[in-house]
Structure formats: structure tokens, C-alpha cells
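Let's take a walk through this structure together, one stop at a time. Keep the 3D view open as you read.

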2 protein chains.
Amino acid sequence: MRTSVFVGTSLDGFIARPDGTFDFLTGGSDADGASNGFDAFFATVDVVLMGRNTYEVVLPFPAWPYGRTPVFVLSNRPLPPPPRDAVVEQIAGNPDEVLARLSDRGFEHVYVDGGATIQQFLRAGLIHRLVITRVPVLVGSGIALFGSVDSDIRLKHVATRELRGGAVQSEYEVERPTDTKTE
Amino acid sequence: MRTSVFVGTSLDGFIARPDGTFDFLTGGSDADGASNGFDAFFATVDVVLMGRNTYEVVLPFPAWPYGRTPVFVLSNRPLPPPPRDAVVEQIAGNPDEVLARLSDRGFEHVYVDGGATIQQFLRAGLIHRLVITRVPVLVGSGIALFGSVDSDIRLKHVATRELRGGAVQSEYEVERPTDTKTE
């Protein structure tokens, strides 16, 4: 099983403002899922895993962004009901357990989303790929993409491209921390 | 007068570890001043402005990195003596005052360095250009390149290139905040 992050950030590394809004990401033409590569990326995943905060941000959107792709929401509490036709399930547990359960269910490529969830899975060494689109603005505060790590996490740069509107999209593979874990 | 930042960071935005060391930046071949563009950049500046912390980090280096280019160190306290042949002067004041004094002295292109100093001058709307080289590693904590801002600072993406070792170097012009200031 494979896990990927596909995320937009400000140049100073925020995926949202303190209140969860992310107007600064969608101002440019990179908000277009075709031109920023999101549509092509999303076609390769068969399941979405997000934190409860992200779910509650996405829920009021006029259109549910994930179609019929199953969405698992990490939470210990019951979820607000999903939109009609959305496929949403609550899941709880530590990152290893959660991925094991998704694997048992037959899923092969997980789209991991939400600041806290991404950080938690990165720390656990369970993210394979990161596609980060940096929008040329400094917002100064908010929900950070990255957080603390137990030790350096090395990545391999795969490719970088410029999008319209001045956003820069870089793709990285995480060098698997297996060695570190067995030290 | 023009002000530029030329800086390396981890993918999570740190220019140094909590203790001021930046081994994670120099591991790759991007540490080479010729290949990462630093030498060409440095040839265009006629003065360096840095915070006291940066000065004290650079001071013990086996070779003073700035040659005979004048270096102004922002500090209210007397400085440790510079290496022989280095041209170092203490300066104090708010960002506007400091740049006015450098301009009065005939300088035309200031290389602004050091996390706190960069943040202070960005907040004051006094940085024109940023060249950021992102090294593909997450270090989790340390001295951040960016800090809080009073309001969004928009930038214009100029160019991005990939360096050897997986670093990605992006150049931005800051959109001048003159309008914001007069609101």
C-alpha cells in the first residue's frame, strides 16, 4: 500500500489560516484541478484519509470534492452526516493500525490529507510521496503543513514545475525510515 | 537601494537547527557557491546586513565568507572583533533608519541575512527579492526563515531551478506593500 500527500501551502508553509480558511491558495489559477495536476493525482488514489478538522472544513463545500471515492475520517467521536452520495466512514487508531485496516479492506493508494494527519503519518514514517504546491504569498500564521519530527526525514526530489499564477509544485518521495526504526 | 535575501532552508522552512548549526544545508552539492548561484548573487551586492546571532555563527568559520565586502551587524552591544581583513561595522536602529544610513553611505544593493533580521525587514516591507533554496529534508525545529506578518505579503515568482542533490531554488520579488501602508 502507498500513501500520498497532495497539498497547497503558502510560501511560509501554511495550508490554512488559523480559522481553517484557505482563500490564499485558491486565488490563483492553480485552484483548477486540471492544471495543477490534482485531477490526475486523484485518479490514482482509491481512498482518502483525513482528520476530523479537515472533514468539517470540507463538509459545507457546495460540492463534495471526492466523488464516490471512499473517505475515512480519523476521529473518536461520531461524525456529522456526509453529503448525499459521499462515501464516508469513521476510523480511529494509530497510523499503523489505520493503514493496516485500509489495506485489509483492499485499498492500495491512500490520499492522506489535513495538517495534523499528515504530520502524524510523516512522524510515523508512513508517508511515501509528497506533492507540495507553494503559492507565492506569506500569510504569517495558521495551520502548518509540517510539524515536529523525531529525527531528520530525508526526501528525494522527483520533479518541480511552475504553475500559472506563480505557484511552484514539487514532488518528493520520502526515503523510508526503516533503518532509523531498527536502530 | 535594493535588498535581497539569499538563503537555504529545509523543506519545512528552517535555516538552522535550534543551536544555530545548519549541517542539513551543506550536506548536498548545493553547498557549492558556484553551482547554487551564491557566488553570482554575491557579486551583485555591495553590502551585507545581518543580525548579531548570524554574525556569531559565522565568526568562527575557518574562512570569512564575505571577503572585503562591508558587513553591518545589527546590534546594540559591542561586537566580538572580526577576523583580520574582514570589514565589519556595528549598526543599530529600526529597519527604515538602518537602510537610510546604508543608502547615505552610498550602498546600493544590500544582502540581508539571518532569520530574525529577514523577518523584521520583511514585516517592514523592506525586502525586494528572495532567493530560497530548499533542501529535501525535514528537520522539525530550529530557526525559521519566516515569521509572523501584519498582513499577507504577496510575491511574484521569478524563476525556479533544480540544483544537484535535490535542492530546489526559487526566486521571488516581493510586491511592494506601499498600498497597504497607506490604507
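In this predicted model, start with the largest nonpolar core, which holds 96 residues. The members that touch the most other members are V48 and L49 of chain A, along with V48 and L49 of chain B. Have a look around V48(A): leaving aside residues up to four places away in sequence, V48(A) touches Y66(A), T69(A), V71(A), F72(A), Y111(A) and D113(A).

Now hop along to G51(A), which sits in strand β3 of chain A, residues 47-51. Is G51(A) buried or exposed? G51(A) counts as buried, because it has 20 other C-beta atoms within 10 Å and the cut-off for being buried is 20 or more. Again not counting residues up to four places away in sequence, G51(A) touches L74(A), G114(A), A116(A) and T117(A). There's also I118(A) to look for: 67 residues separate G51(A) and I118(A) in sequence, yet in space they are 8.8 Å apart, C-alpha to C-alpha.

Over in chain B, strand β3 (residues 47-51) pairs with strand β6 (residues 109-113) in the parallel sense, over four bridges.

Next, zoom out to where the chains meet. How many residues does each chain bring to the contact? Chain B gives 25 residues and chain A gives 25 residues. On the side of chain B that touches chain A, the elements giving two or more residues are β8 (137-138), β10 (153-162) and β11 (168-174) of chain B. The largest share of that side, seven residues, comes from β10(B).

Strand β8 of chain A, residues 137-138, pairs with β10(B) in the antiparallel sense over two bridges. One thing to find here is L138(A), whose bridge partner in β10(B) is I153(B).

Finally, follow the sheet from that pairing onward. It is an open sheet of nine strands with mixed pairing, in the order β8(A)-β10(B)-β11(B)-β7(B)-β1(B)-β6(B)-β3(B)-β4(B)-β5(B). At the edges stand β8 of chain A and β5 (88-91) of chain B; each has a single partner strand, so one side of each has no neighbour in the sheet.

Technical notes: Residues numbered from 1 in each chain as written. Chains lettered and ligands numbered in written order. Predicted model: local features only at pLDDT ≥ 70, side-chain atom pairs only at ≥ 80, totals over all residues. Core = buried A, V, L, I, M, F, W, Y, C linked by C-beta atoms within 7 Å. Buried ≥ 20, exposed ≤ 12 C-beta atoms within 10 Å, placed from the backbone. Contact = placed C-beta atoms within 7 Å. Pairing = 2+ DSSP bridges.
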